[in-house]
Amino acid sequence: MTRNDPPLDLTGWIARIRGCEMPVFSHTIDALRTILGDDRASASALAKVILMDAPMTSKVLRLANSAFFNHGRQGVSTVSRAIVVLGFNPVAELALSVSLIDSLLTGGLRGRVHAEMARSFHAAVQARWVAQRRGEGGSEEVFIAALLARVGEMAFWCFGGEQAKSLDRCLLQSPVREEDAQQIVLGFPLRQLSVGLVREWKLGSLVGAALELDPRSRGPERAVLLGQRLARAAEEGWDTPAGRQCLREVADYVGLPAAAVQAEILANAGEAARIARTFGAPEAAKMIPLGGLPSEPLAPPAPSGPDAQLQLRILQDLTEMIMSRAGIVDILQLVVEGVYRGAGCERVVIAFLAEDRLKLVGRVALGSGADALCGRFVFPMEGEPDDVLDAAIDSGQSCHIHVTRPDAPGAGRLIKVTACNEAFLVPFGTSAQRIGVLYADRNGKPMDEEGCRAVRQFALQASLALEIEASSGPLR
């Protein structure tokens, strides 16, 4: 567009990008979609379309040989072999994506284009991981859907001319939200341009479903949305409330402890940068945030009281983890998360007896200040019958510590460390011996019987996991 051209509306932009700015991509996608829509189409027909474009052929083969797509590490030197190893549809979708990225690396506001590409590659890798962790099929389709979901934003910054420059100035000079700035300058949000181009180019039902997503959906389109949110959260900072909320939501959706999710998300960012370079977008790769997870371990806001439905969901997840022989550390992390979120506690510590059983030491913790508490949670075990810690290990009985009740006269040294005179203590272990305690409090607020029952239930799950591990060999 030149300075004197009248501003285009949404329909005008869709027509311009498809017919004037990206005719080569339009031709490629028409050819690929014709093949994908024909149940009788052969692998040779798909190979022929790809081989007509030498740069596309080279990139498709590089991607087909990457560990990210080629899980079996089978050598691929021809397009025909790539179709055999990866599958007909994945190779066609890769070719389509390569063509799109090449078409968008030709000009425009390069910084904005690369930023959108960085976000899209990052979202695609995170979305694929979410789908895989959920055990859902079609993770490659999820990757492509997340990669293409911001096609309108990428195309606009590439071909937007004066309107793109006006929007760029508005975003730089005004504190308004991105979508508000788009509405002011263009008269429509760029997300609608993505929706229109996805329909125009028939980029697949999953991309369209993700763009028109019901937030409550739990299908593959949900994985696409979570991938996009993770990519945006990485840019804005994990220590922001939105970043932490995103991590919590993803951990809950994939059924993993929050600490494990953080580590895997960080690894995914590095993978996204490698994939962007393989697609031929090295500048975008440099813009993918590779670090900056929360400086403190992720701790979701503690609910005001027990949440029975959340308890049930976490207990079900625990049962699945235990039956599948998941690692004890991961199981115990989910146990403390269950007590923290499901039982409405504000600090949770799991402590183990040392090998000589002469000392009790905090090992896993969650909550506000819980890491510091875990570091202080070290107690000699001297077999004193009046001490709540010794008594819990010796008797196997849980204990409700309450300032107004004399039930636990030997709680002095525990309260000195925890600075809290209202807490719940539950021993756990195997049928042969108790090996630790689960401590939970609400930072001085009362512990009701409902919450105490929930803590006992989660401690029971920890015991069950240890019992199953012990049955297969000595406890480690």
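Arg128 lies over the face of Phe69, at 5.8 Å from the ring centre. The charged end of Arg128 also sits over the ring of Phe68, 3.8 Å from the centre of that ring. These values come from a predicted model.

**Ring pairs**

How many aromatic pairs are there? The count comes to nine. Two of them are set out here.

| Pair | Geometry | Centre to centre | Angle between planes |
|---|---|---|---|
| Phe69 and Phe143 | edge-to-face | 5.3 Å | 85 degrees |
| Phe377 and Tyr439 | tilted | 5.7 Å | 55 degrees |

**Phe69 and Phe143**

Start with the edge-to-face pair. Phe69 lies in the loop between helix 4 (54–65) and helix 5 (79–86). Phe143 belongs to helix 8 (residues 139–148). The pair therefore ties together parts that are 74 residues apart in sequence.

**Phe377 and Tyr439**

Now take the tilted pair. Its planes are 55 degrees apart. Edge-to-face needs over 60 degrees and stacked needs under 30, so this pair counts as tilted. Phe377 lies in the loop between helix 20 (370–376) and strand 3 (378–380). Tyr439 is in strand 6 (residues 434–441). The pair thus ties together parts that are 62 residues apart in sequence. Both Phe377 and Tyr439 are buried.

**A cluster**

Which residues form one aromatic cluster? They are Trp13, Phe156 and Trp157.

Key:
Residues are numbered from 1 along each chain as its sequence is written. This is a predicted model: local features need pLDDT of at least 70, side-chain atom pairs count only at pLDDT 80 or more; totals for chains, interfaces and linings use all residues. Side-chain values use heavy atoms; hydrogens and water are left out. Rings of Phe, Tyr and Trp (its six-membered ring) pair if their centres lie within 6.5 Å; planes under 30 degrees apart count as stacked, over 60 as edge-to-face and the rest as tilted. Helices (H or I, at least four residues) and strands (E, at least two) are DSSP runs, numbered from the N terminus. Buried means under 20% relative accessible area, exposed over 50%, partly exposed in between (1.4 Å probe, protein chains only). A charge sits over a ring if NZ of Lys or CZ of Arg is within 6 Å of the ring centre and within 35 degrees of the ring normal.
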